[in-house]
Amino acid sequence: MRQVVTFDAYGTLVDFELVPATLKTLRDRLDLDGLDVDKFIDNFRVMRFQAVLEAYRPYDEVLHSSLEKAMRLHGLEFRTSDGDALVEAVSGFGPFPEVPDALRALKSRYEIAIISNTNDDLIARNIERIGVDFDHVITAQQAGAYKPSRETFEYAYKTIGVEPSQVIHTAQGWEYDLIPTRDLGLARRVWINRFGRRGSTAYQPYDELSDLSGLPALLGC
């Protein structure tokens, strides 16, 4: 029977350095000395999550609108160029160090796939930096919906041509991946807990790893 290991991309495979990229973008033209950085970044995270719960629009627009709302909330002047710079930064993010070797090991036994809240053109540049060929790359642009929507996952399984019971999903994020996949009937779920956070008994069963290096052994490769 076919088995596919699916991955969230940003934060799981790709070092999603959105916080430093955002601050660098803003510091290029604004004085941020009085800014509560932690609060701003938290607000920006919430704005992004709220944006993907709305009707679908391209990911670059999600980043633009979320950044604009967070900046206005903190009294900062938003310019379109701020959003443009952030989108460009995302396209340059590369993999965590252990990711390429782990993915190559997994390919000896499994198909590997990405299910990502992004545009096709953005993820293509991130995948190029990973340097490993994926069997399937599913984006929100293709699905017309963002995770955590069930629609996104169902589109992915239909496109790949598998039942949920043939899928092992691996992800770092709770809101976008671990919570919505609990009741999908997946074969297995793996939480990549890169930041040493506390898990939740409410969303078990899942395996927990600190990074991707232990995944091949966990999955019998």
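Predicted model: local features only at pLDDT ≥ 70, side-chain atom pairs only at ≥ 80, totals over all residues.
Okay, quick one to start: is phenylalanine 93 buried or exposed? Keep that in mind while I show you around.

Phenylalanine 93 has 6% relative accessibility, so it counts as buried, since the cut-off for that is under 20%. Now, where are they in the chain? Phenylalanine 16 is in the loop between S1 and helix H1, while phenylalanine 93 is in the loop between H4 and helix H5, so this pair ties together parts that are 77 residues apart in sequence.

There's another pair I like, tyrosine 59 with tyrosine 146. Here the centres are 6.4 Å apart and the planes are at 50 degrees, so we call it tilted. Tyrosine 59 belongs to helix H3, and tyrosine 146 to the loop between helix H7 and helix H8, so here the parts being tied together are 87 residues apart in sequence. Both of these tyrosines are buried.

Overall the count is 10 aromatic pairs. Some ring pairs join up into a cluster, made of Trp174, Trp191, Tyr203 and Tyr206.

Arginine 194 puts its charged end over the ring of phenylalanine 96, 3.6 Å from the centre. Arginine 48 lies over the face of phenylalanine 44, and there the distance to the ring centre is 4.7 Å.

If you want to zoom in, look at S1 and S2: they run parallel and are joined by four bridges. Valine 4, for example, has glutamate 111 in S2 as its bridge partner.

Last stop, helices H4 and H6. Their axes come within 8 Å and cross at roughly 35 degrees. Which residues meet there? From H4 it's Val87, Glu88, Val90 and Ser91, and from H6 it's Leu122, Arg125, Asn126 and Arg129. Sorted by class, that contact has three nonpolar, two polar and three charged residues.

That's my tour, thanks.

Methods. Residues numbered from 1 in each chain as written. Heavy atoms only, no water. Axes fitted to C-alpha atoms, helices over the stretch in contact; angles between N-to-C directions. Helix = DSSP H or I, 4+ residues; strand = E, 2+ residues; numbered from the N terminus. Contact = heavy atoms within 4.5 Å. Nonpolar A, V, L, I, M, F, W, Y, C, P; charged D, E, K, R; others polar. Pairing = 2+ DSSP bridges. Phe/Tyr/Trp six-rings, centres within 6.5 Å; stacked < 30°, edge-to-face > 60°. Buried < 20%, exposed > 50% of the residue type's maximum accessible area, 1.4 Å probe, protein only. Lys NZ or Arg CZ within 6 Å of the ring centre and 35° of its normal.
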